[in-house]
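Please take a moment to look over the sequence and the fold before reading on. The paragraphs below go from strands to helices, and then to single residues and the ligand.

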Amino acid sequence: MKLVIAKTAGFCMGVRRAVEMVLSAPGHCQGPIYTYGPLIHNPQVLEMLAKKGIHVLDEIPDRGTGTVLIRAHGVPPETRQELEAVGFTVIDATCPRVIKVQSIIRKHASQGYTVIIVGDRDHPEVTGLLGHAGASGRVVSRMADLESLPVFERAIIVAQTTQNKHFFEAVQRWAAEHHPHYKVFDTICDSTARRQAEVSRLAREADAVVVVGGRSSGNTRRLAEIAGASGKPTVHVETEAELDAEALSGVRCVAVTAGASTPNWIIKRVCRRLETLPVERGGAWSQFCYQFQQTLLRTNTYVAVGAGGLCYACIQLLGYDRVLPLVLLAALYVQSMHVLNNLTGQKEDRYNDPGRAHFYQSYRFALAMLALASGGLGLLMAFRAGTKPFVVLVVMSLLGLSYNLNLIPAGSGWRIRRIRDVPGSKTVLIALAWATVAAFLPALAEIGRIDAAALLVFAVCALLVFARTAFFDILDVQGDRIVGKETLPVMMGEAATLRLLQAALVLSAGGLALGALSGLTSPLALLLVASPLFLYLVFAAHTRGRIHPGVRLEFLIESHFVMTGALAFFWSLMK
Ligand code: SF4
């Protein structure tokens with residue numbers, strides 16, 4: 001089954017901004033912290049926010065302390081005044097585009113215009129807009145409502161920002177024909193218009209459409225209506241658990257879109273589930289292959305094979321003789337550290353990859369033993385390789401083990417108490433650790449020092465692994481943000497991180513070319529330029545929507561290091 005994910009699926013600018021504002025509130029704003037109404041209709045997110053001390057305020061109490069965040073939908077002016085009057089500090093996260101509609105309404109209402117709002121009467125945004133219109137506000141949800149209104153001397157028509165574009169166009173035509181003196185403002189947000197246009201196009205191209213998002217979310221329901229109007233089978237689900245395999249049986253191409261308040265980890269989970277449907281329907285062999293692929297990834301065995309491949313390529317680049325113990329060392333160390341990392345990272349995996357979180361929860365003891373065994377064997381290999389590699393690996397293992405430990409005591413007033421708390425540390429440390437075992441340890445074992453060639457190969461490896469890890473961070477950004485993990489995309493934004501990792505790939509390609517042309521490394525370096533190029537193409541394919549997040553994308557990225565090792569192996573055979 002081919003999956004096409006809408007480029008516009010997921011958080012819009014206004015919702016993303018509100019989520020970021022509320023997540024940065026603890027520590028900066030006076031507690032307790034509330035959102036006025038649920039920020040997102042997702043119980044897991046609300047539970048996590050509650051653990052961070054951010055609760056939902058449904059009704060305004062007689063007296064209040066702390067901070068209240070107004071959601072992207074906005075509120076009537078009286079609600080804000082009331083919140084302040086009872087004692088709350090108010091943070092206004094109303095979307096700037098909703099604020100623009102509120103201003104149009106206020107301006108015209110104060111000039112005596114009747115304000116006709118085209119929207120869902122009970123939607124919080126419409127309640128807020130109505131509050132700005134005062135007594136002159138009217139809400140219409142259907143053409144019949146509009147036609148039943150009296151004729152006004154002066155009136156404006158505005159739309160709820162997430163209103164159906166086609167319906168509003170019909171309203172515009174009606175106004176032009178019957179009441180040309182009414183002023184019509186098309187206040188449908190670009191993001192909504194683009195999302196609706198895209199689902200309409202995808203519904204024509206695909207065999208079925210899956211719309212992901214809350215049933216109480218008006219804009220999600222409208223996406224489902226638009227897709228359904230195309231005549232193609234349309235399934236509206238809140239989570240992956242609601243996907244009906246039967247309803248999608250025989251479908252060759254399915255389009256997936258999501259409402260403006262649907263977190264991307266829920267979209268990812270739905271896609272992962274869709275990815276498994278053909279496997280479930282397939283025979284025992286395809287199920288075995290899928291399970292095998294997933295187990296290799298979850299136990300980090302495939303990652304370890306990749307690390308071994310990268311180390312092998314480094315050894316060939318540097319022209320060393322000793323291969324096997326160092327390749328095994330790299331593979332065992334990387335597997336040990338990645339399994340440990342997954343064992344301690346289940347909190348974010350609950351969002352980013354619930355299957356992996358469940359796997360690590362179910363096999364916790366066995367996986368801890370696997371990490372210990374591979375770590376111990378790695379040390380044994382390092383010991384056999386020489387004193388220097390052994391000492392370096394011991395130091396790195398201790399650093400890896402202390403990554404999650406509180407090194408600074410509680411109550412010291414320091415925000416950063418663990419290495420893990422240093423923003424972006426995971427991505428950088430993983431890159432440095434891989435590059436050390438792949439390039440530095442072979443150099444220490446073979447020549448007893450780090451020369452210019454080893455430094456260059458180290459830099460190339462670090463840049464490649466950095467690009468790989470930062471890309472996974474981009475895929476996990478919303479789950480990481482929710483649990484408060486400060487990865488590079490959380491700090492810098494996804495677009496800036498993508499540019500950074502593209503630059504890392506270009507630099508690594510440059511480093512390889514430099515190594516070959518200067519004679520610092522073997523000519524294999526020129527062939528290995530294919531490695532950053534391959535990653536670049538995979539990232540580009542993902543950015544253009546050609547490959548979606550899931551087991552296949554993960555496997556493809558990890559295969560890149562296996563491919564690097566294979567290229568080096570064939571080159572060594574041809575020498
Ligand atoms: S849909 Fe548009 S107007 Fe509404 S919150 Fe999102 S960005 Fe703002």
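**A walk through the model**

Thr35 stands opposite Val56 in β3, and Thr35 also stands opposite Leu69 in β4. The model is a predicted one, in which local features need pLDDT of at least 70 and side-chain atom pairs count only at pLDDT 80 or more, whereas totals for chains, interfaces and linings use all residues. Residues are numbered from 1 along each chain as its sequence is written, and side-chain values use heavy atoms, with hydrogens and water left out.

Helices (H or I, at least four residues) and strands (E, at least two) are DSSP runs, numbered from the N terminus, and two strands pair if DSSP finds at least two bridges between them. By that rule β2 pairs in the parallel sense with strand β3 (residues 54-57) over four bridges, and in the parallel sense with strand β4 (residues 67-70) over three bridges.

In a regular strand the side chains alternate between the two faces of the sheet. Strand β12 (residues 253-258) has Cys253, Ala255 and Thr257 pointing one way and Val254, Val256 and Ala258 the other way, and all are buried. Because six of its six residues are buried, β12 is largely enclosed by the rest of the structure. On the pairing side, strand β1 (residues 2-5) runs parallel to β12 over four bridges, with Cys253 in β12 as the bridge partner of Lys2. Strand β10 (residues 208-212) is likewise parallel to β12, joined by five bridges, and the bridge partner of Val209 is Ala255 in β12.

Among the helices, α15 (residues 354-362) has the buried residues Arg356, Ala357, Phe359 and Tyr360. They lie on the same side of α15 because they cover an arc of only 160° around the axis, the arc being that of the directions from the helix axis to the C-beta atoms. On the other side of α15, His358 and Gln361 are exposed.

Thr299 sits in the loop between α11 (284-298) and α12 (301-318), and Thr299 is buried, with a relative accessible area of 13%. A polar atom of the Thr299 side chain lies 2.6 Å from the backbone oxygen of Thr295.

Thr564, in helix α25 (residues 551-574), counts as buried at 2% relative accessibility. Not counting residues up to four places away in sequence, Thr564 touches Leu310, Ala313, Leu528 and Ser531.

Thr8 lies in the loop between β1 and α1 (13-23) and is buried, with a relative accessible area of 18%. Apart from residues up to four places away in sequence, Thr8 touches Arg194, Arg195, Glu198 and Ala258.

Finally, the residues around the ligand are Cys12, Gly14, Cys95, Arg97, Val98, Thr161, Thr162, Cys189 and Thr192, where a residue is near a molecule if one of its heavy atoms lies within 4 Å of it. This shell divides into four nonpolar, four polar and one charged residue.

Terms used: Buried means under 20% relative accessible area, exposed over 50%, partly exposed in between (1.4 Å probe, protein chains only). A polar contact is a pair of N or O atoms within 3.5 Å; within protein, one must be able to donate a hydrogen and the other to accept it, and residues adjacent in sequence count only if both atoms are side-chain atoms. Ala, Val, Leu, Ile, Met, Phe, Trp, Tyr, Cys and Pro count as nonpolar, Asp, Glu, Lys and Arg as charged, and the others, Gly among them, as polar. Contact means heavy atoms within 4.5 Å.
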